[in-house]
Amino acid sequence: MSGTPTLVVIGGGPRGTGVIERVAANAAALYGGRRLDIHLVDPYPAGGGRIWRPDQSPLLWMNSMAEDVTMFTDDTVELGGPVVAGPALDAWARDVREGRVTPDAEPAVLAEIHRLTGQDFPSRRLQSAYLRWTYERALAALPPGITVHEHRTTALAVTGPRGGRQRVRLQDRDEPLLADLVVLTVGHLDAEHDPEQSELAAFADRHRLVHLPPDFTADTGLDVLPAGEPVIVRGFGLAFVDLMVLLTEGRGGRHEDGVYLPSGREPVLYVGSRRGVPYHAKIGYAWSGERPTLPRYLGPAQAKELLSRPGPLDFRRDVWPLVEKELGHAHYERLLAAHPERTTLAAEEFAEKYAAAEPGSPDLDDLVAAAVPDPADRLDLAALDRPLDGVRHPTAEALQEGLRDHITADLARRHDPGHSPDLAVFLGLLSSYAQLIRLGDIGGWWHGFFSYLASGPPGPRLQQLLALSRAGVVRFLGASLTVEADEERGVFRAHSATLPGEWTEARALVEARLPDPSLRHTASPLLRALHEGGAAVTATGLLSVDPADSRVLDREGRPHPRRFALGPFTTARNSGAFTRPRTGGPAFRQNDDTARAALTFLRDLSCRGRLAS
């Protein structure tokens, strides 16, 4: 190998693309005109990677509107490096239509781009074209001395001493890539079966049943689910929505004027979950007026104070009260500003009393009850989180009607600007998440709660769900769902607390959720080897990284000088794959911090004449 410094980036999806964009943005100031070889390793096309690859069904959508997706920084982002402006997805589509941009895309995708508006939910293959263009723009912005080499293969392991060259072993290459630094941006992980899934798989094998474990729905072989047969589906989030679409429209069914016209090839989906309801629909109106004053009760100072406490943090005891007060602040500030006729106190008086009340205290409850007469205008996070708690239905048909009413009411509210405090809470959730990633691993409940409230499906998908329910293709099971393997009958059986005494039997079970991002159960040989080699993981299995620059930590808490990691499998996980414009996306800050640390390290290494050789 030559004496040129070498950086290996493992993972060519949005996160890897973001790191390369930040290398390009910072190179002139931090690296000068020096040479650098970047090796990008991913078996899928760079830009989109696996999840956002171009060869996907056009039926699979993003769950964000085009105007809410950007790959570029702005002046709301905390950056050590420069802001490099670029178009959000809707603006990029306009550039394509007006001839300023020519993406590398199939004719069908180009037709989608030409029809796209800011309020549309694009297909994932359209997003893939935007990501590929972003990647190519980042390559073009690199200084002449920096070259990117793509390797369309899988990285199997990273080895090497803390003080020297790293070796990246690839699937189809005898000799390893030699690197001065490695950045892992591998995205979502496949997983080995946990004990429960192993038992269910073995049961299915014994009785010739179908068991589909947690997986990416687009990669799941759904042909094993026969037409007309009942299928128990455990999980009611975004993975279920993809499953629903692929097993209905994907099998030739059609939606016309709110009615589903089946093809006859659909199975019957019996769906339930812990909550028993789908994620809340995406909000269908834009913000108007002044933005909420965020952060207010959960900002950098509060995060710093939490980190200074001795011993591990307990989320419910130490963190949740601050989140709850922050979300309440966003909600009531908006209610008092936009709908003062629905309150009894002036905004200033309420704000003063709200600030003085302890989170979760009776004083705070009394203040809200006195100031906001209508319970529908109050923020009840517990009720939002578990809407079916205590709800019981006497018959399965009563449950179907009750769930359809719930979904219909949610759609109406999420598209009604008269309930704009809901949008303020959404912005409060984004702000809170940006602070909570500073705390490391705070458990999985928060991410699930955030996703349920803030990262739900497009409204049209829930309209389709209602049509499928009315057509009998989807049947609701309720909350606190349990699934049993009945050895005597040789079937899966499902039961919920919402419908006491009722059991549903099926010869197929689908776990409609992503695999947990745990290194303890990962199917990735790369991350498994990293963990076995001494990298620290948290109680929930996340890879521990330094919050300053995302260097990988060992079990003594020492940052590895030559290894970085970014993404949902780390303690610096973010709220979603993409950032809304002008929301200070923390993923941009993390990418920038990592790129700057990498360039500084490589520059200093080069100056000292200690390059890998």
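A polar contact is a pair of N or O atoms within 3.5 Å; within protein, one must be able to donate a hydrogen and the other to accept it, and residues adjacent in sequence count only if both atoms are side-chain atoms. In this predicted model, local features need pLDDT of at least 70 and side-chain atom pairs count only at pLDDT 80 or more, while totals for chains, interfaces and linings use all residues. Residues are numbered from 1 along each chain as its sequence is written, and side-chain values use heavy atoms, with hydrogens and water left out.

T70 sits in the loop between strand 2 (36-41) and helix 2 (89-97). Helices (H or I, at least four residues) and strands (E, at least two) are DSSP runs, numbered from the N terminus. T70 is buried because its relative accessibility is 5%. Buried means under 20% relative accessible area, exposed over 50%, and partly exposed in between (1.4 Å probe, protein chains only). A polar atom of the T70 side chain lies 3.1 Å from the backbone nitrogen of F72. Leaving aside residues up to four places away in sequence, T70 touches G86, P87, A88, Y130, T579, R580, P581 and F588. Contact here means heavy atoms within 4.5 Å.

W445 belongs to helix 14 (residues 444-454). With 28% relative accessibility, W445 counts as partly exposed. Beyond residues up to four places away in sequence, its contacts are F315, R316, W320 and D385.

Helix 8 (residues 315-338) and helix 13 (residues 421-436) have axes that come within 8 Å and cross at roughly 145°. Axes are lines fitted to C-alpha atoms, for helices over the stretch in contact, and angles run from 0 to 180 degrees between N-to-C directions. The crossing of helix 8 with helix 13 is right-handed. A crossing is left-handed if the near helix is turned anticlockwise from the far one by less than a right angle, and right-handed if clockwise.

Helix 1 (residues 14-31) packs on helix 4 (residues 124-141) at about 25°, with the axes 8 Å apart. Helix 1 is therefore roughly parallel to helix 4 (angles under 35 degrees count as roughly parallel, over 145 as roughly antiparallel, 65 to 115 as roughly perpendicular and the rest as oblique). Their crossing is left-handed.
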